[in-house]
Each structure stands twice: as structure tokens, then as C-alpha cells.
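Good morning, and thank you for coming.

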Amino acid sequence: MENRAPILGIIGGLGPMATAHFLELTVQMTLAGSDQEHLEAIIFDRPSTPDRTAYILDRRRPSPLPQLQQSARQLEALGATCLAIPCITAHYFLPSLTQSVSIPVVNALEQTARLLQKRGVHTAGILGTSGTIQSGLLQDVLGASHIRCVVPDDARQQGIMSVIYDEVKAGRPPSLDKVAAAAAFLRSQGAECNLLACTELSLLKKDYSLGAGILDILEVLAQACVLHCGKPLRPEYQNLITG
């Protein structure tokens, strides 16, 4: 069988700015001295994909799975040798998605568990959508690595959802105090590290300081994709937990 050069297929548009930031991260993380030394990628930016959280919380809503599967198949047909989804909530659909293609899908949640385990983290806080939290996505994956998860209470979770949907996705200034309040609550519950488990929250980290002890799962995914495609990492991206 002929060995093909790695090509990353990105199932994008979930949301669009997060997809753009993810590609930017892969470029920033790669130790490259020229254009030709960066990884190759194909992006299918499909913001029309139904909302993931809306479906997880109410199965009467349109499922995003058919469009996710179609995007995956088209990327494979175009030559992608592996896939990534820069949307944490969309990882809920990964078991069905992986069955629709013959190429691997880089799993951001499993990569996060490995990183936390390597760093000796025993309790992690989750900052993400209500869909991610209620699905138990991270709790199951991290729990399998003996990492306990803590989540915001209802009031603080509503604040996080407002930041994600009413502000970041809508292009409005974010209420950083709501994120800080949820993060402080998680630390009070024993979190040694707080996870940015929504790519809209990753956009906040890009533009604002969110303090120490933060791990951005989008950065974990970008790091894993760079390595999966056989590219070296810049030294400053070896440790992703903020100090």
C-alpha cells in the first residue's frame, strides 16, 4: 500500500471563528522554518450544521450527525488521512462518526485525559456547554483515567451558556466575570485544573488572560493533530496548562 503524506481534514463551522482559531493554532504550534514545513489541511466549513447542544438536550431538535458524517466522508474523498472536529460538544457523536469513514478521527477528550494523567491532575473542572456537561462526555473519558470531574452549579452554568451563545457566538463583548465566577467555584470544589471544554471559550483565552491552572482542549486537539501529522512542536507548546 502506498504511503500517503498526512493531510488533516477539519470538520469546521462549529462555530466558524473556532475553526479559524484552530487552524491558527496548528500553524503557531508547528516548528517550521518555511511554508513547506507546515502540515497540509483541508477544511470543510459548514456552519449550517444543527446545534449540537440543542440536540443533546432535546432529541426532538434536528440532529447534526448526518451533516457531520457527510462532511467526514467528503474530506476523506478529497484525500484527508485523518480528521479533527474543533468542537468539543460534537465529540458526543464521535462513535457514530468514526464508523462512517476509514480514516482516524483525533479524539480531543482522550488526548486531554492523557495530558492530565501525565501531569498528575486528579480533579478537573469543566467549563463548557450544558450539552457537554449533561452528556457526561468528559466525565466518562476522564473517569476512565481516574480523574474526578467537577462542574458549575446551575446559576454559574447559565452564566457560561450566556457567554458562549449570547456573547461570543453573537460577536458581543464577553462577560469575563461570569467565566471567573464559574472557574472560582470549580476551584472551591477541588479542581486542580479547569478545562476550557467549549471552543468559544477557547476564543476568550486567545484574547484575554483567564488566569492560572487553565487547560484549553482546543489547544490539546491542535497539539495532537500536529504530532499525528508528523510535525515537530515548538517548545513553548509542550506544556499547555497555564501557569
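Predicted model: local features only at pLDDT ≥ 70, side-chain atom pairs only at ≥ 80, totals over all residues.

Residues are numbered from 1 along each chain as its sequence is written, and side-chain values use heavy atoms, with hydrogens and water left out.

What is a cavity here, and what is a pocket? On a 1 Å grid over the protein atoms alone, a cavity is a set of points where a 1.4 Å probe fits but cannot get out; a pocket is an open set with protein on both sides within 12 Å along at least five of seven lines; and lining residues have an atom within 4 Å of a point. Grid points are joined across faces, edges and corners, and a volume is the space filled by probe spheres set on the points.

The structure holds one cavity of 30 Å³ or more. Helices (H or I, at least four residues) and strands (E, at least two) are DSSP runs, numbered from the N terminus.

Next, the largest pocket. About 270 Å³ of space lies in it. Of its 13 lining residues, R114, L115, K118, Q223 and Q238 are the closest to the centre. Two elements, α5 (108–118) and α11 (217–228), each give two or more residues to the pocket lining. That lining divides into six nonpolar, four polar and three charged residues. Domain 1 and domain 2 each supply at least three residues to the lining of this pocket.

I turn now to the salt bridges. A salt bridge is a side-chain nitrogen of Lys or Arg within 4 Å of a carboxyl oxygen of Asp or Glu. How many are there by this rule? The count comes to five.

One of them joins K169 and E200, with the closest N and O atoms 3.5 Å apart. K169 lies in the loop between α8 (154–168) and α9 (176–188) and E200 in helix α10, so this pair ties together parts that are 31 residues apart in sequence. Is E200 buried or exposed? With a relative accessible area of 5%, E200 is buried, whereas K169, at 35%, is partly exposed. Buried means under 20% relative accessible area, exposed over 50%, and partly exposed in between (1.4 Å probe, protein chains only).

Another salt bridge links K206 and E24, at 3.3 Å from N to O. K206 lies in helix α10 (residues 199–207) and E24 in helix α1 (residues 16–29), so the pair ties together parts that are 182 residues apart in sequence. K206 is partly exposed at 43%, and E24 is partly exposed at 30%.

What of the cysteines? A disulfide is a pair of cysteine sulfur atoms within 2.5 Å, and the structure holds zero disulfides. For C82, the nearest cysteine sulfur, that of C229, is 4.0 Å away. C82 is buried, at 0% relative accessibility. The sulfur of C193 is 11 Å from the closest cysteine sulfur, in C149, too far for a bond.

I close with two backbone details. A cis peptide bond, with omega of about 5°, joins L14 and G15; G15 is in the loop between β1 (7–12) and α1. H146, although not a glycine, has a positive phi of about 65°. H146 sits in the loop between α7 (137–144) and β5 (148–150), and H146 is exposed, with a relative accessible area of 68%.

Methods
Nonpolar A, V, L, I, M, F, W, Y, C, P; charged D, E, K, R; others polar. Domains from an automatic or database assignment.
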